[in-house]
Amino acid sequence: MAADAPFFSVRDVRLSFGALNVLNGVDLDVNRGEIVGLIGPNGAGKTTLFDVISGFRDQARGHVLLDGVDLLERKAWERPWLGLGRTFQQVTLYPNLTIRDCIRLALHRRAPDRPVRAMFAAVLRSWGSQQIETEIAAKADEVIERLALGDYANKLASDLSYGTLRMAELACVLALEPSLVLLDEPSSGIAQRETEALGPLLLELREELGATFLLIEHDMPLIMSVSDRIYALANGGILASGPPSEIQRNEAVIESYLGGTFDIEVAS
Amino acid sequence: MSDLGFYLNVAVTGLSVGAVYALFGIGITLIYKATRVPNFAHAAIGTVGAYVFFKLWDQTNLQEPWINLRIPFTGLGWKVDPPGVPLVVALVVALVAVGALGLLVERVVMRPLASAPTLNLIIATVALFSLLVGLSGDLFGQRFEAVPSVFPQGIRSIGEVNFSNDALGTLVVTAVLAVGLAIFFKRAALGVAIRATADSREVARLLGISADRVAGFSWAVGSMLAAVAGILISPNAGLTSFGLANLIVFGFTASLIGGFTSLVLTFAGGLLIGVVTNVASAAPWPEGIASDLLGGQGAPALITMLVVIGLLMARPSFIFKGIRLDEDSGVSFARTATGIQQEDAIRRSLDRAGQLGLLLRDWQLGRWLLAGGAAITLVVVPIIKTSYYSTVLTFGIIGSITALSVVVLTGWTGQISLAPLTFVGIGAYATAIATSSWGFPVPLAVLFAGVATVPFALLLGIPALRLRGFFFALATMAFAFAGPGWLFIQPSIVARSQVDRGWFGTEFVQPIYFTALSCAVLLFMAMRNLRDSRVGRTFFALRDSHSTAQVMGIDPVRYKLLAFATSGFIAGIAGSFTGFLNQDVEGSGFLLFFSLAAVLQTVVSGVGLLFGAVLTGFLFSVIPQLTATPTSGVDQAPVIIGGWLAIVTIIQNPNGIGSFLLRLVRPFDPGERVAWASAEADEVLVADEDEALFDEALVGAPGGR
């Protein structure tokens with residue numbers, strides 16, 4: 001891989017359901033440490049693209065390269081081990097588990113994935129497995145503290161309000177320590193005040209984790225303020241790309257998505 | 001008679017049997033279409049209908065013509081001899097009775113579950129199955145009764161092929177009912193309403209179709225169809241509650257061939273299964289392994305299993321139009337809002353009365369007393385009492401170990417397997433073979449039973465990788481049926497079904513008991529360790545959300561198979577002790593019915609709860625033994641009560657009674673009082689709002705007051 005190849009790139013990804021082309025040749029690049037926004041009208045293929053990247057649409061063709069590895073050749077569950085993390089548009093997490101357990105599950109990635117050996121170790125309470133459990137527990141406490149989830153740590157995911165659930169999901173993704181995070185509308189379903197806090201939080205997290213973000217968002221002030229660059233999708237293809245200030249002035253984007261009356265001043 | 005003639009005759013018998021399967025299938029499809037309920041109790045309802053009919057009809061000559069009205073647990077009761085009436089009267093009474101039963105089931109059991117996940121519906125109908133079979137056994141007797149055909153005796157021949165009147169009549173009745181239903185769905189307003197409801201419940205409701213009426217009608221008619229099927233098959237199959245209810249497997253197979261939508265395909269599917277199984281049973285397979293495996297008595301169960309699992313795995317699109325076989329990802333028994341409110345309300349009122357702290361303190365003390373009492377009972381009673389009690393307690397321990405296997409697979413990993421006893425059976429036969437044929441010593445044989453069960457459990461795990469919810473349950477049911485129906489009757493296995501008790505010697509009861517007890521304790525501790533580990537947590541994750549698990553890097557394949565293997569190993573150990581205790585391993589101990597009972601017991605206590613499951617597994621095994629009386633045989637009251645408890649649990653609090661109680665005594669959190677206060681404030685607010693809206697509606701309504 002050439003040294004100047006982008007950290008994450010999507011190359012000519014196509015997906016069709018029968019005669020309907022959902023994605024027709026999407027190309028995009030994300031550099032290490034960037035926050036890249038993805039906007040577009042409903043049905044543009046944003047979430048579908050996320051599903052392709054994270055492995056929930058295995059009929060897709062093309063290439064999705066993360067740090068030189070083609071993700072499309074790996075199973076969905078293998079991708080987190082290669083550094084991919086994602087959130088869902090509709091959060092569920094694990095309804096019958098406590099937030100603490102949800103976060104611990106994300107932290108399993110810190111130990112080698114050998115189910116049979118892990119089971120025997122667990123059944124016998126081996127020293128090694130106890131070590132790992134202690135480590136995971138300590139790390140989970142850290143994550144809980146970082147995202148101020150202390151009051152909810154022992155509550156079941158299904159008992160939480162949607163906004164808190166979103167935060168918990170974000171905590172789980174961070175616990176995975178991914179190198180690339182896909183966030184699917186992190187502001188949907190949460191209160192305005194929480195949305196406003198989300199932008200600074202994302203920027204802080206990027207600093208702390210050194211992670212790269214790809215973000216779908218309909219909240220224009222939020223996405224315009226945090227993104228380094230933005231891709232606009234329409235009808236399963238890339239319509240335009242560039243820094244937020246350019247995208248806001250792009251005729252085609254305004255036509256298809258932002259609408260003529262979009263107030264540029266909001267984001268600046 | 002020529003070979004061809006012979007097979008044609010075999011095929012004709014198959015057709016008439018298949019017609020009954022088709023009739024069961026049509027009823028199942030009708031109810032599934034209209035209400036989305038997979039009715040595992042369908043054939044059990046048919047059994048009730050058949051019993052009512054044959055008890056009344058004056059042409060029967062039953063060993064037990066009376067109806068037993070028993071007082072549970074006492075062995076006391078009355079025998080009521082129903083009057084003999086002509087065929088038509090008996091038929092009408094049976095149909096009305098079963099139609100009413102269907103309505104009752106819909107009203108009391110299914111309606112409260114209208115919006116429940118499919119898993120809860122499965123448990124509810126499985127519980128109903130258990131309850132009705134138990135009730136039939138108690139009310140109508142447990143003996144195998146031979147009954148005459150409802151059609152006059154006689155045979156018509158066309159060339160070499162003989163049609164008995166029974167076969168002809170069955171075919172004609174079934175065909176008429178199928179065609180009648182098809183026309184009803186096409187033409188009658190209610191038929192169209194059912195189809196509309198099946199397509200989209202919401203749209204149907206908007207169009208003013210009453211879902212309750214549609215459901216009630218389907219349950220009544222579906223149940224009557226089941227009764228007709230039961231009456232038609234009894235002369236062939238014999239009248240027993242266990243045997244007839246088991247025909248559910250064939251009914252589901254027919255429905256599956258019809259994709260749970262098409263009545264025509266269901267009908268054809270039933271006939272096909274009837275003919276193929278009958279011909280396979282009679283076919284001249286080469287002597288030896290081929291004839292053992294493929295022919296004879298075992299053929300129907302084997303073929304059904306292969307058809308069911310094959311269809312579900314291959315998913316041919318001409319059958320499964322518009323049905324998604326993995327639609328259920330919610331496989332956990334979630335707590336319902338009412339359950340949570342009840343828990344909260346009880347704690348709140350205790351707190352108000354100043355009793356909550358007291359309860360929590362008493363509970364801390366009480367749990368130690370309970371544990372101590374249990375330990376003393378388990379250790380002391382078998383030493384001082386006769387071997388009878390040790391035997392009974394050993395059954396209890398075996399029940400507990402079986403329950404552990406259900407908890408791991410269903411409670412933790414969310415795989416609703418209806419075949420736990422099949423694995424227990426495999427463990428028992430493995431023990432017999434290992435001790436008698438290979439001379440394994442006891443510890444090695446126990447271990448071997450566990451290990452030998454693992455490959456079978458993995459085999460059942462393969463469909464679980466593609467199927468969820470109802471359709472996986474269906475695959476496991478076919479598997480559970482094929483255990484005693486095919487595998488355990490293989491001549492090579494039956495010939496080796498004697499366990500050599502080895503070290504346990506002639507005074508075997510207490511040694512077996514204490515060995516089983518220690519194994520149970522070890523397994524319990526091992527599973528508790530597992531629960532609190534990475535692996536246990538991963539199982540929970542797969543139960544709760546498949547997609548979230550995958551984005552967290554959990555491999556569903558390896559972990560699910562691991563859960564199956566673990567569960568199989570535990571069940572195999574339970575089977576090993578069953579073998580040592582009984583010495584003669586018999587396939588009839590591992591019938592589908594017992595598998596279902598084992599699943600239900602765990603649901604009652606709380607399917608994810610280790611200790612609760614172990615306790616109910618123990619109790620449900622011990623109580624029937626203790627209440628059995630020499631005169632009346634096994635009292636079915638525990639089965640009936642267990643079924644009823646499972647239904648109540650799944651409606652009220654699917655999380656189980658144990659979880660409910662445990663949440664009542666959870667440590668007090670000061671935040672709770674705050675939550676109660678705000679909940680009360682909300683209630684007042686909502687009430688006010690409702691009132692305001694109501695006032696507005698009255699004032700604002702056109703032409704209002």
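Predicted model: local features only at pLDDT ≥ 70, side-chain atom pairs only at ≥ 80, totals over all residues.
**Stop 1**

Select the strands β2, β1, β4 and β5 of chain A. They form an open sheet of 4 strands, in the order β2-β1-β4-β5, and the pairing is antiparallel. Strands of a sheet pair through backbone hydrogen bonds, either parallel or antiparallel.

Now colour β2 (20-30) and β5 (69-70) of chain A. These two strands stand at the edges, and each has a single partner strand, so one side of each has no neighbour in the sheet.

Next, show β4 (residues 61-66) of chain A together with β5(A). The two strands run antiparallel and are joined by 2 bridges. Pick L65(A) and look across to β5(A): the residue opposite is D70(A).

**Stop 2: the helix across the sheet**

**Stop 3: a covered helix in chain A**

Select helix α2 (residues 99-107) of chain A. How many of its 9 residues are buried? The count is 8, so the helix is mostly covered. Among the buried residues of α2(A) are I99(A), D101(A), C102(A) and R104(A).

To see what surrounds them, show α4 (127-146) and α5 (162-175) of chain A, then α22 (534-544) of chain B. The buried residues of α2(A) pack against these three helices.

**Stop 4: a helix pair in chain B**

Move to chain B and select helix α2 (residues 42-56) and helix α3 (residues 87-110). Two packed helices are described by the angle between their axes and the distance between the axes. Here the axes come within 8 Å and cross at roughly 150°, which makes α2(B) roughly antiparallel to α3(B). The crossing of α2(B) and α3(B) is right-handed.

Show side chains where the helices meet. On the α2(B) side are I45(B), V48(B), G49(B), V52(B), F53(B) and L56(B). The residues they meet in α3(B) include A90(B), L91(B), A94(B) and L101(B). By class, the contact of α2(B) with α3(B) has 12 nonpolar, 2 polar and no charged residues.

**Stop 5: V126 in chain B**

Finally, select V126(B), found in helix α4 (residues 118-140) of chain B. Is V126(B) buried or exposed? It counts as buried, because it has 29 C-beta neighbours inside 10 Å.

Leaving aside neighbours within four places in sequence, V126(B) is in contact with F40(B), L596(B), V599(B) and L600(B).

Methods:
Residues numbered from 1 in each chain as written. Chains lettered and ligands numbered in written order. Buried ≥ 20, exposed ≤ 12 C-beta atoms within 10 Å, placed from the backbone. Contact = placed C-beta atoms within 7 Å. Pairing = 2+ DSSP bridges. Axes fitted to C-alpha atoms, helices over the stretch in contact; angles between N-to-C directions. Parallel < 35°, antiparallel > 145°, perpendicular 65-115°, else oblique. Left-handed = near helix turned anticlockwise from the far one by under 90°. Nonpolar A, V, L, I, M, F, W, Y, C, P; charged D, E, K, R; others polar.
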